[in-house]
Amino acid sequence: MSVAPQRALLLPLVHNLLYSEMLKNDAKKLVEELGSKEIKNIQFRSSWVFIAAKGFQLPNNIQREKINHSDQTKNRYKGWPAEIQIEGCIPRNLM
């Protein structure tokens with residue numbers, strides 16, 4: 001990602017109706033290069049969160065990505081999947 005500083009903590013997330021159609025393939029490729037395994041699996045009304053680092057390594061024990069797809073049989077809210085979160089601690093001395 002050329003627009004990010006040399007050392008950066010990147011936290012993209014999505015909860016949008018049209019996201020899967022709006023994000024261009026070249027943008028998806030950049031996110032994939034940062035380590036995303038799910039960026040190409042985002043669907044209509046998917047919730048997605050991803051954490052990545054540029055210029056340093058994140059600790060191995062940090063969950064880096066999570067996706068929750070809309071499923072009418074499991075959605076918590078009318079037509080929308082439940083919220084998602086990832087947890088972890090990133091030491092300040094890494095950044």
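Predicted model: local features only at pLDDT ≥ 70, side-chain atom pairs only at ≥ 80, totals over all residues.

Colleague: Is Arg76 buried or exposed, and what is its relative accessible area?

Modeller: Arg76 is exposed, with a relative accessible area of 52%, where buried means under 20%, exposed over 50% and partly exposed in between, for a 1.4 Å probe and protein chains only. Residues are numbered from 1 along each chain as its sequence is written, and side-chain values use heavy atoms, leaving out hydrogens and water.

Colleague: With which residue does Arg76 form a salt bridge?

Modeller: Side chains of opposite charge can pair when their charged atoms come close. Here Arg76 forms a salt bridge (a side-chain nitrogen of Lys or Arg within 4 Å of a carboxyl oxygen of Asp or Glu) with Glu83, the closest N and O atoms lying 2.7 Å apart, and Glu83 is partly exposed at 49%.

Colleague: How is the aromatic pair of Trp48 and Phe50 arranged?

Modeller: A pair of aromatic rings is described by the distance of the centres and the angle of the planes. Rings of Phe, Tyr and Trp (its six-membered ring) pair if their centres lie within 6.5 Å, and planes under 30 degrees apart count as stacked, over 60 as edge-to-face and the rest as tilted. Trp48 and Phe50 are stacked, at 5.9 Å centre to centre with 15 degrees between the planes, and both residues are buried.
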